[in-house]
Amino acid sequence: MPTLSRWLIRTALICGGGAFLVGLALAIAPLRTAYPALAAAGPSYIHLLVVGWITQLIMGVAYWMFPRVQRHPAPSSDWPGWIVYGSLNIGLACRLIGEPMVGTRSGGPAGWLLPMSAALQLIAMLTFVMRIWPRVRTR
């Protein structure tokens, strides 16, 4: 299994576990009352589940299983794949920090964290599509 796939899949497993814990905390009413930021973390929970767990797992398996095109570099030098990994996870972290700040109106850097998160995740998705598209071909 390529190194990039291992990193994507392991990070997806961590995000899946984190989403489970956040979902569990959201289900406990006294915690939501005691911590307003937790109450505002509903969208972050969904984002952690869908982008962090599901999307990253799919990307890791796709990099691993889709047949390579000969003109692409070896997996060890797959810098566009690492751009996907880095921008997706940095964007996810910005979302996880910024969303509760916006939800509780605590201000601070939340004004730029969410647009930055969206831009980074868009870069990740476009780079992933650019990288995987040649691998999806007919026989």
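Helix α5 holds both E99 and R95, which lie four residues apart, about one turn of the helix. E99 forms a salt bridge with R95, a term used for a side-chain nitrogen of Lys or Arg within 4 Å of a carboxyl oxygen of Asp or Glu, and the closest N and O atoms are 3.0 Å apart. With a relative accessible area of 12%, E99 is buried, whereas R95, at 23%, counts as partly exposed; buried means under 20%, exposed over 50% and partly exposed in between (1.4 Å probe, protein chains only).

This is a predicted model, in which local features need pLDDT of at least 70 and side-chain atom pairs count only at pLDDT 80 or more, while totals for chains, interfaces and linings use all residues. Residues are numbered from 1 along each chain as its sequence is written, and side-chain values use heavy atoms, with hydrogens and water left out.

The protein has six helices and zero strands, where helices (H or I, at least four residues) and strands (E, at least two) are DSSP runs numbered from the N terminus. Of its 139 residues, 39% count as buried.

A search of the whole structure finds two salt bridges. In one of them the side chains of R131 and D78 meet at 2.8 Å, N to O; this pair links distant parts of the chain, since R131 belongs to helix α6 and D78 to the loop between α4 and α5 (79-104), 53 residues apart. Both R131 and D78 are buried.
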